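Welcome! Here is a short briefing to read beside the sequence and the 3D view.

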Amino acid sequence: MKLVPFLLIAAIAAPGCSTLTSGKEAPTVVAAPGGEGDIVIGALPDAALPKGACGMILWTLEADQPAPILRVTAGKDADMIINCAPMKLAISKVGGASGFGISENQTLTIDGFTATVSVRFGLGFDGGSYLERGLVTVESTSGWRTVIPAAGVAGCRSS
């Protein structure tokens, strides 16, 4: 199995992916070393939860420019930008403690990619909780893997 160590790149300074249908550019925030089989994760141009929904949003731990990389809507699916393409990943497995419809351990899948997400619930706030010690691992069927330390929030958005 080929293991690609993670490399954080400032979201604004890095060259971006092509312009998305929203007209916003999704900057590259995490990239494997150049070569065949790379997995490049981009910033979500709109990471807000839908009105009336619960879920979680994770972002990179890049000190200068943290960028949202994952949005999971409870009971539905997850959104990521993988290799410059917006993707809807299905929630295929959950485990651990849960709150706001989100579990601490999740497996997300889409053709060719599997993302495993591990977070720890932290301090609560009105309508949500901070997520600490997060880790997002994205692996392709060819065996390449990108590992991204992350933090975020879980909660519900009012309608």
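**Overview**

The secondary structure of this chain comes to 0 helices and 11 strands, where helices (H or I, at least four residues) and strands (E, at least two) are DSSP runs numbered from the N terminus. This is a predicted model, in which local features need pLDDT of at least 70 and side-chain atom pairs count only at pLDDT 80 or more, while totals for chains, interfaces and linings use all residues. Residues are numbered from 1 along each chain as its sequence is written, and side-chain values use heavy atoms, with hydrogens and water left out.

**The chain as a whole**

- Read along the sequence, the pattern is β-β-β-β-β-β-β-β-β-β-β.
- Of the 159 residues in the chain, 44% are buried; buried means under 20% relative accessible area, exposed over 50%, and partly exposed in between (1.4 Å probe, protein chains only).
- Among contacts (heavy atoms within 4.5 Å) with a separation of 6 or more, 46% come from residues 24 or more positions apart.
- The chain exposes about 7900 Å², and carbon and sulfur atoms supply 56% of that area. Accessible areas come from the Shrake-Rupley method with a 1.4 Å probe; for residues, only the protein chains shown count as cover.

**How confident is the model?**

- The predictor's confidence in each residue is its pLDDT, from 0 to 100. The chain has a mean pLDDT of 82, and 76% of its residues reach 70 or more.
- Confidence is highest in strand β5 (residues 68-73), at a mean of 97, and lowest in strand β1 (residues 16-19), at 50.
- Over residues 1-15 the pLDDT is below 50, and this stretch has 37 contacts in the model beyond near neighbours in sequence.
- Residues 18-22 also have pLDDT below 50, with 9 contacts beyond near neighbours in sequence.
- Where pLDDT is low, the predicted coordinates should not be read in detail.

**The disulfide**

- A disulfide is a pair of cysteine sulfur atoms within 2.5 Å, and by this rule the count comes to 1.
- C54 and C156 form the disulfide, with their sulfur atoms 1.9 Å apart.
- The link of C54 and C156 is right-handed, with 100 degrees about the S-S bond.
- C54 lies in strand β4 (residues 54-60) and C156 in strand β11 (residues 145-156), so the pair ties together parts that are 102 residues apart in sequence.
- C54 counts as partly exposed at 25% relative accessibility, and C156 counts as partly exposed at 40%.

**Charged side chains**

- Side chains of opposite charge can pair when their charged atoms come close.
- A salt bridge is a side-chain nitrogen of Lys or Arg within 4 Å of a carboxyl oxygen of Asp or Glu, and the count comes to 3.
- D79 meets R71 in a salt bridge at 2.8 Å, N to O. D79 is buried at 8% relative accessibility, and R71 is buried at 13%.
- K88 and D79 meet in a salt bridge at 2.9 Å, N to O. Shared partners join R71, D79 and K88 into one network.
- E139 and R145 form a salt bridge at 3.2 Å, N to O.

**A buried charge without a salt bridge**

- Where is E104 found? E104 is in strand β8 (residues 102-110).
- E104 is buried yet has no salt bridge, and the nearest side chain of opposite charge, R120, is 4.2 Å away. For charge, Lys and Arg count as positive and Asp and Glu as negative, while His and the chain ends are not counted.
- Leaving aside neighbours within four places in sequence, E104 is in contact with residues including V117, V119, R120 and F121.
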